[in-house]
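Q: Could you take a close look at one helix for me, along with the charged pairs in and around that part of the chain? I would enjoy a connected walk-through.

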Amino acid sequence: MIIPWGTDAPIYHRPIATVAMIVLNVLIFFAFPSPDYMDWSLELGGGRHPIQWLTNVFMHLGLGHLIGNMIFLWAFGIIVEGKLGAIGFVAVYLAMGACESALIQILVRPEVIRHMLGASGVIFGLMAICLIWAPRNDLNCIAFFQFFPTDHEIPILWFAGFYIVMEVLGATASQFAASSALAHAGGAAVGTIAGVGLLKAKLVDCEGWDLLSIMAGRKGQGGGKSHSLADNVRKRAKKSAKKKKADAEAAATGEDPSQTALRTLRGHLEAGETEAALSFYRGMRRKFTRWRPPDPEWIELIKAVLAQKAWDDASGLMRAYIDESEFPSDKIRLRLAEVLIRRLDRPVAGERVLEGVAEAGLTPQLAEVRRQLAALAEQKREEGVLEIDDEVRGA
């Protein structure tokens with residue numbers, strides 16, 4: 001048995017609505033004993049009952065049914081609400097529940113009247129949204145093997161993908177007869193439409209780490225201005241379970257927080273978790289304005305971000321390194337100039353960086369690189385490249 005309980009996905013809003021939905025489900029469970037819930041469940045084969053499209057998603061058959069759904073609602077709800085905010089989350093939650101229930105009640109016509117109920121259809125919708133919005137993030141899970149609990153981090157892509165595929169196969173095998181598999185598969189389909197639609201409408205900002213951006217080779221290149229719901233997103237430090245665990249260990253041992261931070265950053269870099277390393281670095285910089293990693297780790301992070309071709313992120317990292325390192329590398333200065341001139345079409349900013357690199361102190365190879373970059377910057381200026389002449393800000 002695997003129980004998801006947390007995530008390292010960025011959470012920009014406190015999960016107020018997710019908690020409220022859990023509380024509401026629990027209260028309704030105890031307020032409507034089993035003989036009374038039939039009128040509010042989704043009746044199949046007895047016509048259309050629009051009120052049931054919403055009421056059925058708050059009904060549960062037993063305590064085990066309720067607890068299981070609420071655990072999954074928490075794990076995936078905090079991710080979706082973390083990007084949409086409370087109002088947006090409630091709107092999406094209710095809309096998915098109503099749409100999924102309406103489709104099933106209208107399209108499924110069993111030979112005898114049957115009833116369906118539970119929040120799992122909506123939860124599979126949330127699961128599909130998380131798969132689209134945060135496929136590279138992990139779920140923190142507790143797995144029980146032979147009654148012994150162990151901690152695991154499972155990518156959302158694999159966790160959600162496994163569950164959704166299994167339910168789709170189950171619904172297909174039953175020829176889409178009324179079943180829990182059909183409700184789950186229907187919820188996942190509605191969630192997929194909602195997740196993609198909100199992305200396309202720019203009502204949510206996944207900072208370029210959503211499934212569509214990754215598949216298009218644009219990962220990590222988001223973060224631009226978006227509209228409506230996303231305009232109200234106040235970006236906070238991304239708090240992962242790893243960081244919480246490291247902070248707790250540091251408090252218990254009296255370890256210097258800077259050493260704890262360095263160990264966490266190294267762990268992300270050694271594991272090849274570039275986006276997690278960059279997120280952690282930014283969080284530490286916001287929390288401790290004077291904190292900076294040692295030069296070797298800083299340069300390793302810069303190289304990892306450059307390898308992902310996230311040019312804006314890389315230029316900010318290099319600018320911060322050059323400004324704050326005691327002995328900044330000329331290679332990094334030249335690399336920053338190259339990114340600004342060649343990748344971001346900012347020849348003026350690139351020339352300002354080159355001014356800080358004395359050709360006399362360079363090796364012949366680096367001196368030639370500097371001359372080529374200077375010539376390219378001049379060429380771009382003569383071609384009239386449109387550039388907003390502002391400073392490159394450190395990350």
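What follows is a look at one helix, its packing and some salt bridges.

A: Happy to. Please keep in mind that this is a predicted model. Let's start with helix H12, which covers residues 311-324. The helix has 14 residues, and the distance from its first C-alpha to its last is 20 Å, close to the 20 Å expected at 1.5 Å a residue.

Now to its surroundings. Helix H12 is mostly covered, with eleven of its 14 residues buried. Among them are Trp 311, Leu 317, Met 318, Tyr 321 and Ile 322. The buried list also includes Ala 314, Ser 315, Gly 316 and Ala 320, as well as the charged residues Asp 313 and Arg 319. What do these buried residues of H12 pack against? Their partners are helix H10 (274-287), helix H11 (295-307), helix H13 (330-343) and helix H14 (347-355).

One of those contacts can be followed down to a pair of side chains. Asp 313 meets Arg 282 in a salt bridge, at 2.5 Å from N to O. This pair links distant parts of the chain, since Arg 282 sits in helix H10 and Asp 313 in helix H12, 31 residues apart. Are the two partners buried or exposed? Asp 313 has a relative accessible area of 16%, so it counts as buried. Arg 282 comes out at 26% and therefore counts as partly exposed. Behind such pairs is a simple idea: side chains of opposite charge can pair when their charged atoms come close.

Two further salt bridges are worth a look. Asp 295 pairs with Arg 292, their closest N and O atoms being 3.6 Å apart. Here Asp 295 is partly exposed at 22% relative accessible area, and Arg 292 is partly exposed as well, at 29%.

The other bridge joins Glu 338 and Arg 343, again with 3.6 Å from N to O. Glu 338 is buried, at 12% relative accessible area, whereas Arg 343 is partly exposed at 42%. These two residues also belong to a network of salt bridges that links Arg 335, Glu 338, Arg 342 and Arg 343.

To put the picture together: H12 is a mostly covered helix, its buried residues pack against four helices, H10, H11, H13 and H14, and the salt bridge between Arg 282 and Asp 313 ties helix H10 to helix H12.

Note on methods
Residues numbered from 1 in each chain as written. Predicted model: local features only at pLDDT ≥ 70, side-chain atom pairs only at ≥ 80, totals over all residues. Heavy atoms only, no water. Helix = DSSP H or I, 4+ residues; strand = E, 2+ residues; numbered from the N terminus. Expected span 1.5 Å × (residues − 1). Buried < 20%, exposed > 50% of the residue type's maximum accessible area, 1.4 Å probe, protein only. Contact = heavy atoms within 4.5 Å. Salt bridge = Lys/Arg side-chain N within 4 Å of Asp/Glu carboxyl O.
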